[in-house]
Amino acid sequence: MELHQTQPDNSTRASLVLVMGGALWGLYWIPVRFFLDQGLTGPWPGIVMYCAALIALLPFIWSDRQTLVREWRNLMLSGMFTGAAFSLYSISLVYTDVVRSILLFYLTPIWGTLLGVLFLGERLSLTRLAGLFCGLGGLFVVLGGAGFVPWPQNIGDWLALASGICWALGSMGLYRVNRISISGQVFAFVFGALILSLFSLLALPEQALPSIAQSEAIRILLLALLSAFYVLPMIYMTIWPATKLTPSRVGLLLMSEVVVGIASAAVLSGEPFGLREFLGAALIVSAAVLEIVRK
């Protein structure tokens, strides 16, 4: 009886935290582009922030080290996908427009709904089907260029699209395996992102080490350490709710990033935001609204 009384409260609290975490993600492109302007190209903006976050995280996971060792298989599984999503999304912000990166990543309602239906036994209702069509319609509009062919136009588009799929897979793992501490899951998330980013150095068209003067390197290192105070709360506010909510709801509530990200990019980035981007955003957000109405 007590479980039924506390579960809705936990679900509501997790939903509110996730909305706030999504808003922080909406501004995440700013530190990525900042480090890019400092000369860190390709995956390097993410790499320096991941390293700083891992250093700051060590005191929080030290007491759980035995549990982390015992649950390394589950950590590796969840960290592999959520970390890949984090890494691919960060790198996509370097190679494509902010708005395109955000919208392509936040097609997660499509992938989350499909995974929920296939693996969690969720029902595919008419409303949910309409949401899927809205999401696919948004994908068609956002990726439609001059010839209106819905195909990624650059490597950043591909990475953003792949990051959304990886996050849907990873959030399903977080939902199904939630006995690991939140700090442990955050560690797996960031560590997975770091590993994939390091491997991406072999595939992306960037030099292995950026050419930065020693004095600049020290300054960038200090700024990277400060970034942990932004990155870690943002991740905690994403991982903890993902252990309490289904993948479809996680993807939908994170739509707060779409609102904050598009608004901030339109004002601050100087990148184009026209009718196509507006229509694509409206369709993708409509997919979220339809799912929320269904609930």
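Biologist: Which residues line the largest cavity?

Modeller: In this predicted model, the lining of the largest cavity consists of Trp-25, Thr-82, Ala-85, Phe-86, Tyr-89, Phe-105, Tyr-106, Trp-167, Phe-189, Thr-238, Leu-254 and Glu-257. By class, nine of the lining residues are nonpolar, two are polar and one is charged.

Biologist: Which helix gives the most to that lining?

Modeller: Helix α5, spanning residues 72-95, gives the most, with four residues.

Biologist: Let us turn to helix packing. What describes two packed helices?

Modeller: A packed pair is described by the angle between the two axes and by the distance between those axes. Consider helix α2 (residues 29-37) and helix α3 (residues 44-61): their axes come within 8 Å and cross at roughly 115°. That angle makes α2 roughly perpendicular to α3.

Biologist: Is the crossing of α2 and α3 left-handed or right-handed, and which residues meet there?

Modeller: The crossing in which α2 passes α3 is right-handed. From α2, Pro-31, Val-32, Phe-35 and Leu-36 meet Pro-45, Val-48 and Met-49 of α3. This contact of α2 with α3 has seven nonpolar residues, with no polar and no charged ones.

Biologist: Which residues of α10 and α11 make the contact, and how do they divide by class?

Modeller: On the α10 side they are Ile-182, Ser-183, Gln-185, Val-186, Phe-189 and Val-190, and on the α11 side Leu-232, Ile-235, Tyr-236, Ile-239 and Trp-240. They divide into nine nonpolar, two polar and no charged residues. Phe-189 of α10 takes part in this contact and is also one of the residues lining the largest cavity.

Definitions and conventions: Residues numbered from 1 in each chain as written. Predicted model: local features only at pLDDT ≥ 70, side-chain atom pairs only at ≥ 80, totals over all residues. Heavy atoms only, no water. 1 Å grid on protein atoms, 1.4 Å probe; cavity = no way out; pocket = protein on both sides within 12 Å on 5 of 7 lines; lining within 4 Å. Helix = DSSP H or I, 4+ residues; strand = E, 2+ residues; numbered from the N terminus. Nonpolar A, V, L, I, M, F, W, Y, C, P; charged D, E, K, R; others polar. Axes fitted to C-alpha atoms, helices over the stretch in contact; angles between N-to-C directions. Parallel < 35°, antiparallel > 145°, perpendicular 65-115°, else oblique. Left-handed = near helix turned anticlockwise from the far one by under 90°. Contact = heavy atoms within 4.5 Å.
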